[in-house]
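Dear colleague,

Please find the structure below, handed over for your use. My notes on it follow.

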Amino acid sequence: MSNGSGAEDDVSEASPLFSAADFTPFDPTQELIFPPELVSLTKGQRSGSLRFHGDRVAWLQPDSLDEFLRLKWENPDARVVVGNTETQFVAAFKQSPRREDDISTVTAAMSVTFTPGTNVVEDLRLSYGGMAATTVLAKKTASRLLGRCWGEELLQEACSSLAGEMTLDPSVPGGMVTYRRTLTLSLFYKFYLMVLLKLRKQGVTVEQVGADCLSAAEIYHPETPSSVQIYQAVPEGRSQDDTVGRPMMHLSALKQATGEAVYCDDVPLYENELYLALVTSSRAHAKILSIDTSAAESMPGVVSCVLADDIPGSNATGPIEYDESVLAQGQVTCVGHIIGAVVADTQLHAQRAAKAVRVQYEELQPIVTIQEAIAAQSFYQPIRTIQRGDLEAGFKQADHILEGEMHIGGQEHFYLETNVSLAVPGEEDGEMELFVSTQSASKTQSLVAKALGVPANRVVVRVKRMGGGFGGKESRTTVLSTVVAVAANKLKRPVRCMLDRDEDMLITGGRHPFYGKYKVVGFLSSGKVVALDVSYYSNVGNSMDLSLSVMERALFHMENSYSVANIRGRGFLCRTNLPSNTAFRGFGGPQGMMIAENWISDVAQSLGRSAEEVRRLNLYVEGEPTPYNQILDRFTLDRCWDECLLRSGYQERRAAIDLYNRQNRWTKRGLAIVPTKFGISFTAVFLNQAGALLHIYTDGSVLLTHGGTEMGQGLHTKMVQVASRVLGIPCSKIHILETSTNTVPNTSPTAASASSDLNGAAVQNACEILMKRLEPYKSKNPKGSWEDWVKAAYFDRVNLSANGFYKTPDLGYDFESNSGRAFNYFTYGVACSEVEIDCLTGAHKNLSTTIVMDVGHSLNPAIDIGQVEGAFMQGLGLFTLEELHYSPQGVLLTRGPGSYKIPAFGDIPTKLTVSLLRDAPNDKAIFASKAVGEPPLFLAASVFYAIKDAISAARAQSGITGPFRLDSPASAERIRNACSDRFTELCPPAEPGTFTPWSVRV
């Protein structure tokens, strides 16, 4: 029998069943509903598609997938209908903390089928995710609505029924019980509106959807973003080799983009290198009864276990107070407290064995939250106070007095590169070389030396670059580097450890949560604040770390940019059983200023006046004193304010927003303009110093080293620019290899936004020393090249290496007398932001932000604008998105990107404008520049208060006016719950104290 491809003489035996040439080979990726074989059979035949045209509608019935796709492409808004009447409507919803790439809080899929030509419900299915362990159907509600007309009565019945059916235990995992329950109603209401609109389009008689409700049924479509960066160009005629003031690209940008940039864990493996994994506490507060390492030591690849008894030097450690231990001994004081370590041949073997270490505890009562610490009077000393003026007289002068409070959540640093250390023991004299991702090489050196019991000159710490730091690598890196060094010392072999993300988040702490309470704010009927008494409480954790300095900076910024004649601020450091909180970009400043913006907005709301007007009325003016008696000179905040109002079109946008809010019930827009005044200097005076080391080689190339570390902020780039200007040579001749303790000793941490000021001046000093040495050779050969002068000096036996040094002059503040100069100068900025909130879900869109920043004469506008934008977005995460959840037992529940959300691309304001203030030189810093790293972060509070403005509009529509409490971050949950309406009333929260919550506000 022929298979259709035989020779001609075989045809007589049987005719072929088919010709293979007629069929296209099967494509498994193609939709089976139109298999290629069937498509090929219709070739040459007339199309079977049908078209019906009416006055207002055209019905198209394709007969192939290709035609269907073509029609859908040409008519993207056309509905796909099964049959010739659309009686079934289906919709799906998802609500999550972040709009992009996020796990949902609540999802819903809803389907309704009507009796043809009517609005009578024939079938209804409502399914919800996030309301139980698995997807659940609201069967009771659906059955109650069968046979009912799709209208207002059905809506009320549905919401009442859903509120009773979609319940959650108050202790349910994930928390947000009130919010999740309210979402079930809100999402149904959206579905209800969408179906009403579709029925009406079909000509079915249904209730009219009010124009003010239409936005609730709209589907979100992101707009194309745009941005503008404005900076002052350098004067004409300046040499192209002088790059100061020009937007020069970050020196490592290309290497970072291509993956060629070397980070700590990229250091090649040493021979005989081992890997370390940490053993940490699972209890927040407990006595250690026993540690059993026998199972771990018997596992494959394990070389040794390291415990407190293996420390040759001191087990006491800490950046300022030695109130911590390298390895826990006898007691643990937080979940994540490092008890020991397992060292093995690979990371997998070490981590597997670390889990096999058995620790027995006797549990003690932990203190987890600020409120628990206040109740137990669990505070570190001292309690700081700054007071100026006469509070009693100020309150007598006031026409009005109000009280308020606010909680500001913590924040995880979430640097791309987690903490990592590599320790390489030397051959003699207790020498140790460490490669560490740290902002503080000298502090790492001193604490490692202390743990090993050797002088600091035996320990060398090297830092090439960090993959982000944000303050998190100022002091907390030593909790890992000391343990790694102890292990390397014990085994006399190189040891490496890089923390996984969940370990890093658990162990290293973050930004301090703050609770602010202003007992009384006295103000006049005009809105002028005349008296303020405010108390701050920070959740410090299980050790002091840098918390006293953080609180001091919060107090230094307690009035933000507002002049208050009679003021008192007090700071309490709460001792709790959480991992020690630490430095984070802003260093207490954002928390202090956030409380200030809260009371200034409360004043405006209580008077029914514009917040912008009240803020402007209270702004400082040139020559006024701060609460710590520092006179404000070279004051540019008023210029920043006026320029921001102009560039943002504030008044026009305010009018447009008011109109929008009158026309829309379920979406509201808000607008806020917020200033910042950020003091520049370390508040610990001794840290305001820096060193630099400069080598000129005989070929004219220059090797530069300074005390600062590179964490992506562009410090090395700026230092090369400074050296280039002073030496008068191109940047290409200058190279920075790394930061190390054997080149520049006793360095201050790269922090407090002061690194360009301090290290730049030190680099300038070193360059000027060398230029003075080269001057005779330039004079002898004025037409010679740089290389000619260098070689002439070398052959004349001139030292071509120089140390530079700088210390900030005239600093020093005394809390006891409230006198002295706390800061070298201030960086000013103003931001205006517009947002839109969905009152039904709590989601918000950042529509636009305009920032005006005074950075003096920018050393590098490209880097400085990048710092402004980056700081703003990090602040946006702090104030609107990022939320750390702890269990009542002190266990961190958010340990990775799945549960902890940092801003995504879609969170960037759709229109973002950054303008650097023109003609604002600063004679207190290198080349008239200003610090830029931390000050812009707080400007993201403009988004928070724009959200609060929008919520106020929503509450006003429900008949609620006046000040209200909105804690930070302004998450979707908090926004929705604050927009009180008929849906939230159906889902009241459980009484506090009647249940154990899944997470607590620390």
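Leaving aside neighbours within four places in sequence, Trp599 is in contact (heavy atoms within 4.5 Å) with Tyr518, Val521, Val529, Leu532, Met558, Glu559, Tyr562 and Val564. This is a predicted model, in which local features need pLDDT of at least 70 and side-chain atom pairs count only at pLDDT 80 or more, while totals for chains, interfaces and linings use all residues. Residues are numbered from 1 along each chain as its sequence is written, and side-chain values use heavy atoms, with hydrogens and water left out.

Trp599 is also among the residues with the most contacts inside the largest nonpolar core, together with Tyr128, Trp150 and Phe188; this core has 159 residues. A nonpolar core is a set of buried Ala, Val, Leu, Ile, Met, Phe, Trp, Tyr and Cys residues joined through side-chain atoms within 4.5 Å, where buried means under 20% relative accessible area (1.4 Å probe, protein chains only). Helix α5 (residues 177–201) supplies the largest share of this core, 14 residues; helices are DSSP runs (H or I, at least four residues), numbered from the N terminus. Apart from this core lies another, of 50 residues, including Ile311, Val483, Met505 and Leu884.

The mean pLDDT (the predictor's confidence in each residue, from 0 to 100) of the chain is 94, and 94% of its residues reach 70 or more. Over residues 1–14, however, the pLDDT is below 50, and this stretch has 4 contacts in the model beyond near neighbours in sequence.

Terms used
Helix = DSSP H or I, 4+ residues; strand = E, 2+ residues; numbered from the N terminus.
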